[in-house]
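Open the model in a viewer and keep the sequence beside it. The stops below say what to select and what is there.

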Amino acid sequence: MGKEISQLSPLLLLLLLMISSGSAAILSFLNECSYTVWPATFSGNDGPALGDGSFSLAPGQSIQLIVDPGWSGRVWARTGCNFDSSGNGKCLTGDCGSLNCIGDGQPPFTLARFIISLGTTDNTFYDISLVEGYNVGMRIDATGGTTDCQHAGCIADLNCPPELRVVDFFGSVVACKSECGAFNEAQCCCADDYSTPQTCSRTQYAEMFKACPNDVSSRFTCSGSNFLITFCPEEL
């Protein structure tokens with residue numbers, strides 16, 4: 001199960017890394033937003049939750065988590081959250097129903113995806129996707145890798161059109177829905193009769209979201225690396 005490094009003694013941390021034969025990865029999270037974010041994680045293939053599924057990061061705060069070899073999952077930032085002492089509450093964007101996420105989030109949100117390698121010589125796959133929409137800028141930096149490890153990210157101003165906007169109580173735009181999320185039609189979602197490259201044509205909305213690439217050609221690989229995930233990075 002993912003563990004917060006800050007809560008482990010140096011000796012225990014060393015033992016954990018030795019047990020994993022060097023194949024475990026460290027995911028670091030840094031909040032460069034001017035407001036608190038609540039990063040959330042959702043594990044695939046029945047893998048362990050990272051950081052109990054969610055944690056808060058104040059502006060300028062960072063945290064590190066140990067990730068087991070072979071872990072795969074999704075990471076996103078929740079914003080505008082309010083929770084009571086029992087963990088009940090909701091978030092304005094990226095909400096998952098409680099303080100600690102046990103399921104996926106409610107779009108729209110900017111999404112980071114990982115498939116952690118099983119060994120130090122295998123590749124980890126990672127990317128930033130706008131398939132679920134956009135709420136905060138994100139960047140992934142690979143550190144200490146042994147291959148051509150590139151960064152992934154999206155901080156572009158999408159100029160979200162009114163029909164895709166999510167606004168807060170004051171009318172300020174806080175997120176931008178994907179075309180599929182906004183209209184839920186087969187043509188917009190490349191589903192059913194529109195599920196092939198020949199029938200799924202690019203629309204004006206797809207071109208807008210292409211400002212931050214989110215197709216399969218934008219998935220990156222890196223071997224033997226740890227990763228830094230930055231929310232609201234100043235630059236890519």
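Where is the place of Cys 232? Select Cys 232 and look at the segment after strand S15 (226-231), where this residue is found. Cys 232 has a positive phi of about 60° although it is not a glycine.

**Before going further: confidence**

The model is predicted. Colour the chain by pLDDT: the average is 83, and 85% of the residues score at least 70. Then select residues 3-8, where pLDDT stays under 50 and the model has 15 contacts beyond four places in sequence. Where pLDDT is low, the predicted coordinates should not be read in detail.

**Backbone stops**

Most residues other than glycine have a negative phi, and most peptide bonds are trans. Select Asp 52, which is not a glycine but has a positive phi of about 60°. Asp 52 sits in the loop between strand S3 (38-43) and strand S4 (62-67). Next, select Pro 107 and Pro 108, which are joined by a cis peptide bond with omega about 10°. Pro 108 belongs to the loop between S7 and S8.

**Aromatic rings**

Select Phe 109 together with Trp 76. A pair of aromatic rings is described by the distance of the centres and the angle of the planes. The structure has six aromatic pairs. For Trp 76 and Phe 109, the ring centres are 5.0 Å apart and the planes lie at 20°, so this pair is stacked. Trp 76 is in strand S5 and Phe 109 in the loop between strand S7 (89-90) and S8, so the pair ties together parts that are 33 residues apart in sequence. Trp 76 is buried at 0% relative accessibility, and Phe 109 is buried at 0% as well. Then select Phe 114, Tyr 126, Phe 220 and Phe 227, which ring pairs link into a cluster.

**Salt bridges**

How many salt bridges does the structure hold? There are four. Begin with Glu 132 and Arg 74, whose side chains meet in a salt bridge of 2.9 Å, N to O. Glu 132 is in the loop between strand S9 (123-129) and S10, while Arg 74 is in strand S5 (residues 72-78), so the pair ties together parts that are 58 residues apart in sequence. Arg 74 is buried, with a relative accessible area of 17%.

Move on to Asp 127 and Arg 113, a salt bridge in which the closest N and O atoms are 2.7 Å apart. Asp 127 lies in strand S9 and Arg 113 in strand S8 (residues 111-115), so this pair ties together parts that are 14 residues apart in sequence. Is Asp 127 buried or exposed? Asp 127 is buried, at 2% relative accessibility. Arg 113 is partly exposed, with a relative accessible area of 22%.

Now select Asp 141, in strand S10 (residues 138-143). Asp 141 forms a salt bridge with Arg 139, with 2.7 Å between the closest N and O atoms. Asp 141 is buried at 19% relative accessibility, and Arg 139 is buried at 14%. Leaving aside residues up to four places away in sequence, Asp 141 touches His 151, Asn 226, Phe 227 and Leu 228.

**Cysteines**

Show the cysteine side chains; the structure holds seven disulfides. Select Cys 81 and Cys 91, whose sulfur atoms are 2.0 Å apart in a disulfide. The torsion about their S-S bond is about 105°, so the disulfide of Cys 81 and Cys 91 is right-handed. Both Cys 81 and Cys 91 are buried.

Compare Cys 96 and Cys 101, a disulfide with its sulfur atoms 2.0 Å apart. Here the torsion is about -85°, so the disulfide of Cys 96 and Cys 101 is left-handed.

Next come Cys 160 and Cys 176, a disulfide with sulfur atoms 2.2 Å apart. Cys 160 is in the loop between strand S11 (152-154) and strand S12 (165-167), and Cys 176 is in strand S13 (residues 173-176), 16 residues apart. Cys 160 and Cys 176 are buried.

End at Cys 188, which is in no disulfide; the nearest cysteine sulfur, that of Cys 189, is 6.2 Å away. Cys 188 is buried at 17% relative accessibility.

Terms used: Residues are numbered from 1 along each chain as its sequence is written. This is a predicted model: local features need pLDDT of at least 70, side-chain atom pairs count only at pLDDT 80 or more; totals for chains, interfaces and linings use all residues. Side-chain values use heavy atoms; hydrogens and water are left out. Helices (H or I, at least four residues) and strands (E, at least two) are DSSP runs, numbered from the N terminus. Buried means under 20% relative accessible area, exposed over 50%, partly exposed in between (1.4 Å probe, protein chains only). Contact means heavy atoms within 4.5 Å. pLDDT is the predictor's confidence in each residue, from 0 to 100. Rings of Phe, Tyr and Trp (its six-membered ring) pair if their centres lie within 6.5 Å; planes under 30 degrees apart count as stacked, over 60 as edge-to-face and the rest as tilted. A disulfide is a pair of cysteine sulfur atoms within 2.5 Å.
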